[in-house]
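Let us walk through two parts of this model. Keep the 3D view open and follow along.

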Amino acid sequence: MKKSKDDYLTIFFISIIGIYIFIALAFPMYAILSKSVENQDGIFIGFENYQSYFSNPALVYSIYNSLFVSIITMVITITLAFIFAYALTKSRMAAKGMFRSIAMIPILVPSLLSGISLIYLFGKQGIFRELLMGYEIYGPIGIIIAEVFYTFPHALLIIITALSIGDARLYEAAKVLRSKSVRTFFTVTLPSAKYGVISAAFVVFTLVITDFGIPKVIGGQFNVLAVDVYKQVIGQQNFEMGAVVSVVLIFPALLAFVVDRIVQRKQVAILTSRSVVHEPIKNKKFDTIMFIYCSIISVFILTIIGMCLYASLVTFWPYNLTLSLTNYQFDLMDGGGWDSYYNSIRMACYTAFFGTIIVFAGAYFVEKSRSVKTGRSILHLLSMMPMAIPGLVLGLAYIFFFNHPDNPLNFIYGTMAILVICTITHFYTVSHLTALTSLKQIDNEFEHVSSSLKQPFYKTFFKVTVPISLPAIFEIGIYFFVNAMTTVSAVVFLYSSKTNLASVAVLNMDDAGDIAPAAAMGMMIFYTNAAVRIIYVLITKKVLVKFQKWRIKTA
Amino acid sequence: MEQYLSVKNINKFFGNFQALNNVSFDVKEGEFVCILGPSGCGKTTLLRVIAGLESQSEGFINQNNKDISLLPPDQRDFGIVFQSYALFPNLSVKNNISFGLKTRKQNKGTIDKRVDELLKLVGLSDHINKFSAQLSGGEQQRVALARALAPSPGLLLLDEPLSALDAKVRQHLRLEIKNLQRQLGVTTIMVTHDQEEALTMADRIILMNNGIIEQEGSPQDLYSKPKTAFSANFIGTTNLFKAKKISENSLEINGSTLECSENINEDLFTVTIRPEDIKICESDNEKNILQGTIKELEFLGSNIRGHIEVDFKSQKANVICNFASEYILKNNIQNNSTVNISLQPHALKIVKT
Ligand SMILES: Nc1ncnc2c1ncn2[C@@H]1O[C@H](COP(=O)(O)OP(=O)(O)O)[C@@H](O)[C@H]1O
Ligand SMILES: [Mg+2]
């Protein structure tokens, strides 16, 4: 068939987005892979770097350590999150909304903030250090507690979704058959949530194994892969070895990603059958137990965040406990001062703005355009890849690619632009999936109707698709903003003295021993993200409703 | 009359699966053509090929003396109504209808006038500012129709436009669409799996099965002169028998020899007879008389449908007949009554198997 003007425009835009993803993802990843097989002078030396890596017992031991903390955290987080999600979906306990909001708090702070909090709680001068009965918080114990805090909401969201799709008709059938609730749990609840649980487990595993903030802050002598990458690059300036460890780190993340994709596909198949929402019945004993459980978890979360808040306000821990804003005078310390906070805000705004546009446009072409089948598949595949790449690895890859003297894009190195591009890429996949899910719910015939009416596709896009998708678009924007504020791993290699960031300042101040200001800066990130989320809720409640009159049935 | 649209030797493959097999037909200007067939036979695919939303693997399409085989949809001249209606939910009825009017820089007054005209045409003038979520299924259907007609397309394509509606609304809209089409004189192709819909609305029916055209013709032709067993069976209700040739005008069904008005050419073939063409006979004057037992009587209002077990010479076989209700009641015919029926020679039709 001949190409229409729409087809040419589509090809044009798909190419632009495709080229963007190639520059932001494919080329840097190629750069890091080739760096791992070169020596310091850039000469190809085969697998020599890998040989020297695997003959260094200290480095190899990190693999074992990484797997150890990742697996233990995975088991603990999934267990805790499953019960919490079960309480939220299958009980009639009070204060569900409050518990849910509290459980989401960890998403709003940089992961390493929980490490700092643990130091205040259980460190050498900690309030509760006796509770550890002589064990050290610095090391695997601290890492695991902090990682559980950090990964809990991620697991919770996935498991809640999985539990909510359990078909009410199955529960009714089970009741009619007088099945005991324990038996119902094992024959109805667990099987339908199975894929969600598996998927959550792999997400947690990946988050932990690729996280470097927490082990950096509270790991002590306990080395893990992610910290090794950081140390090789920042500490020893050994970029080649950094590249090798990065490649080693990609493997478990890639494996988890593949398993997750397979499992997700099965989950979708369950979803398509027309399920009816299950309304749980009142059961006083069960509801009370669940309420107590959720309260304990909430207290744990609030303690961690509350400790940070307190520590940030105490004048000089533990000698002068009067409250003041001394620790918020960032301009008096190293780490970039208040500028780094403003940089973060700017970076988060740019990321949210440009990221949302790129992601939504990309998802639109993948899902809705009629032509260029192959181009669309390639675009989708590229959009899924960032999920499998640890932020630290991405950041290092950017050094190799953009800092190369022959690269015409060299000029963006050390600017705000590279931070924004890197962050958009780092969080691309989840946003892409959110956009796809929302677009899939829109009738595919809209594009066909508009071409039969001789209207260009972008008219339908702006007049129909975008307005209908506004909730998802806002969701994506918020996701980018919050993550841009908290991320450390991808940007830690890329900031310059002019583009210092708040989350990196937390890391550097902690490193320099200014723990209280680090906590204060972490709390600034928390306040900002919490405020943005609250404003978002208000907007969706008030403003969006006004613009979405058409969703309401009666005029 | 001039052929407005010619579809020539269209083949369409999805991988190895052939959805359309050498499909050819013509549509005259102003004609209302129904593409009828069971679900999955390729009707929607054919419609989408005509619209350019799906590209044919082989074949040509001519519209208004122009080869459009390779043109993308936005360079073809048609309006389409989908099964889902695909109304833009965030646009009002007015903005849905005017969506296709805004290209040629028409001024606002002209557009408003055209929208009013169309709303009057489909009887929705009071709903101009509503959104689709606030309209009933039938109203949404009519907005979709108005939107498709707004730019005055040369060809109107309808894909099962009534299938999502309940029976009453459907019957009403059948007439309305038909009247509208006649009034505007727009050439129309409608896809449906409902034979009653096709029979009541179409000037001409194109009957499809498994990606091929089984038969085309006026509704009367298709009903009274089915060419194939599939045609006879799909349109209306019928009886089908395997038959053997005895001579030019006589045949054998289950051992019984019957007379037939048509000339018989093949040795083994299929014959069909409509239920309403079977008569109960009171005298011996009729031809092709057989005896049978009433197994069941279905009351259909003015008619009663009888399921009769007929004693052919070599074996029994079930035959469906329609009788006037009055006749059955007057003669006190009940289950297990014995009756004589006549398979009239002119009503026995030879069809391709
Ligand atoms: N995009 C497609 N890919 C593969 N097979 C298809 C596609 N569209 C339709 N088919 C197949 O072609 C056949 C005809 O489909 P369709 O034209 O939709 O049937 P109808 O409208 O008559 O119910 C069906 O067997 C269907 O499964
Ligand atoms: Mg169809």
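**A strand and its neighbours**

In this predicted model, strand β7 (residues 155-159) of chain B and strand β8 (residues 187-192) of chain B run parallel, joined by five bridges. Within this pairing, B:Leu156 has B:Thr188 of β8(B) as its bridge partner. How does the chain get from β7(B) to β8(B)? It passes through helix α5 (residues 167-184) of chain B, and this β-α-β crossover is right-handed.

β7(B) also pairs with strand β6 (residues 79-81) of chain B. Three bridges join them, and these strands run parallel.

Is β7(B) buried or exposed? Five of its five residues are buried, so the strand is largely enclosed by the rest of the structure. The cut-off for buried is under 20% relative accessible area. Look at the side chains next. B:Leu155, B:Leu157 and B:Asp159 point one way. B:Leu156 and B:Leu158 point the other way. All of them are buried.

**A helix crossing**

Now move to chain A. Helix α5 (residues 111-122) of chain A meets helix α12 (residues 284-313) of chain A. Their axes come within 9 Å and cross at roughly 75°. Angles of 65 to 115 degrees count as roughly perpendicular, so α5(A) and α12(A) are roughly perpendicular to each other.

Which residues make the contact? From α5(A) come A:Leu113, A:Ser114, A:Ser117, A:Leu118, A:Tyr120 and A:Leu121. From α12(A) come A:Thr303, A:Ile304, A:Ile305, A:Met307, A:Cys308 and A:Ala311. By class, this contact has nine nonpolar residues, three polar and no charged ones.

Key: Residues numbered from 1 in each chain as written. Chains lettered and ligands numbered in written order. Predicted model: local features only at pLDDT ≥ 70, side-chain atom pairs only at ≥ 80, totals over all residues. Heavy atoms only, no water. Axes fitted to C-alpha atoms, helices over the stretch in contact; angles between N-to-C directions. Helix = DSSP H or I, 4+ residues; strand = E, 2+ residues; numbered from the N terminus. Parallel < 35°, antiparallel > 145°, perpendicular 65-115°, else oblique. Contact = heavy atoms within 4.5 Å. Nonpolar A, V, L, I, M, F, W, Y, C, P; charged D, E, K, R; others polar. Buried < 20%, exposed > 50% of the residue type's maximum accessible area, 1.4 Å probe, protein only. Pairing = 2+ DSSP bridges. Right-handed = clockwise from strand over helix to strand, strands pointing away.
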